[in-house]
Amino acid sequence: MTTETPSRREQNKAATRESIIGAGLSLATARGLGGFTVEELADAAGVSRRTFFNYFSSVEEAIAAPTFGFLDTALGKLTSRPADEALLDSALHVLTGLADNDLIAPMAQSFLLAVGHDPVTRYQLQAFDECGEKIAAAIRAREPALGDLYVAALSASVIACGKSALEVWLAERSGDLSPSSLARLRTLLREAITHLRAGFAMP
């Protein structure tokens, strides 16, 4: 499968988006959510207030954005796997290949910042819900004869495994975002899908 090279305009837009997200995560980590304004975030990102709102509707949405980004990247890799490969085998291949801390670290940091902060949590739940719908669509595209209940239950189970891995990681590692901690998170994600793949047989 060939992929088109993004245009310069698309690259610039992606860079601006990442700059806003990075500035938001840094400010939220240093000051806490609610400890800074949109104007301060925009200034830290080197953009105008108007530009900020071209990308995000609120600070909370910007803080939750890495979760959308991680899930969309994982889903893109999932849909590019061979069509005759079992879905959960594909999921394991994808999670095994997601070794880039530049991708998983912002998502993990966003998850940490959302704890106890309902507005960000709501955006993250929206990201998981949207990803679940896309996984369901991917399952139907591969296996159109599957019933609605099977598709809905499987896609929801995959998402639940991801959430559970994040929650266990948080309980184990608290606010640790070191490379070893992120490696543990990747391991937990793979283990959760492995349990699902095995039908949750007793380990």
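This is a predicted model: local features need pLDDT of at least 70, side-chain atom pairs count only at pLDDT 80 or more; totals for chains, interfaces and linings use all residues.

Residues are numbered from 1 along each chain as its sequence is written, and side-chain values use heavy atoms, with hydrogens and water left out.

**Exercise 1. Cysteines**

Determine how many disulfides the structure contains, and explain the result for cysteine 131.

Solution. 
Step 1. A disulfide is a covalent bond between the sulfur atoms of two cysteines. The criterion applied here is a pair of cysteine sulfur atoms within 2.5 Å.
Step 2. Over the whole structure, the search returns zero disulfides.
Step 3. For cysteine 131, the closest cysteine sulfur belongs to cysteine 161 and is 13 Å away, so the two are too far apart for a bond. Cysteine 161 is accordingly in no disulfide.
Step 4. Burial is judged by relative accessible area: buried means under 20%, exposed over 50%, and partly exposed in between, using a 1.4 Å probe and protein chains only. Cysteine 131 has a value of 5% and is buried; cysteine 161, at 6%, is buried as well.
Step 5. Helices are DSSP runs of H or I with at least four residues, numbered from the N terminus. Cysteine 161 is part of helix α8.
Step 6. A contact requires heavy atoms within 4.5 Å. Not counting residues up to four places away in sequence, cysteine 161 touches Ala192, Ile193, Leu196 and Phe200.

**Exercise 2. Aromatic rings**

Identify the aromatic pairs and state the geometry of the pair formed by phenylalanine 52 and phenylalanine 53.

Solution. 
Step 1. Rings of Phe, Tyr and Trp (its six-membered ring) pair if their centres lie within 6.5 Å; planes under 30 degrees apart are stacked, those over 60 are edge-to-face, and the rest are tilted.
Step 2. This rule gives two aromatic pairs. Phenylalanine 52 and phenylalanine 53 are edge-to-face, with centres 5.2 Å apart and 85° between the planes.
Step 3. Phenylalanine 52 also pairs with phenylalanine 56 in a tilted arrangement, at 6.0 Å centre to centre and 45° between the planes.
Step 4. Phenylalanine 52 is buried at 0% relative accessibility, whereas phenylalanine 53 is partly exposed at 35%. Phenylalanine 52 and phenylalanine 56 are both buried.

**Exercise 3. The largest cavity**

Describe the largest cavity: what is its volume, and which residues lie nearest its centre?

Solution. 
Step 1. On a 1 Å grid over the protein atoms alone, a cavity is a set of points where a 1.4 Å probe fits but cannot get out, and lining residues have an atom within 4 Å of a point. Grid points are joined across faces, edges and corners, and a volume is the space filled by probe spheres set on the points.
Step 2. The search finds one cavity of 30 Å³ or more. The volume of the largest cavity is about 300 Å³.
Step 3. Its lining comprises 19 residues, and those nearest the centre are Leu71, Ala74, Leu95, Ile135 and Val158.
Step 4. At least two lining residues come from each of α4, α5 (87–97), α7 (118–142), α8 (148–173) and α9 (179–197).
Step 5. Ala, Val, Leu, Ile, Met, Phe, Trp, Tyr, Cys and Pro count as nonpolar, Asp, Glu, Lys and Arg as charged, and the others, Gly among them, as polar. The lining of the largest cavity has 18 nonpolar residues, one polar and no charged.

**Exercise 4. The largest pocket and proline 66**

Characterise the largest pocket and locate proline 66.

Solution. 
Step 1. A pocket is an open set of grid points with protein on both sides within 12 Å along at least five of seven lines. The largest pocket holds about 280 Å³ of space.
Step 2. It is lined by 16 residues, with Glu18, Ile21, Pro66, Asp102 and Pro106 closest to its centre.
Step 3. Helices α1 (8–31), α4 and α6 (101–114) each contribute at least two lining residues, and α4 gives the largest share, six residues.
Step 4. By class, the pocket lining has eight nonpolar residues, three polar and five charged.
Step 5. Proline 66 sits in helix α4 (residues 59–79) and is buried, at 9% relative accessible area. Beyond its neighbours within four places in sequence, proline 66 contacts Ile21, Leu25, Pro106, Met107 and Ser110.

**Exercise 5. Serine 181**

Is serine 181 buried or exposed?

Solution. 
Step 1. Serine 181 lies in helix α9.
Step 2. With a relative accessible area of 0%, serine 181 is buried.
Step 3. Leaving aside neighbours within four places in sequence, serine 181 is in contact with Trp169, Arg173 and Asp176.
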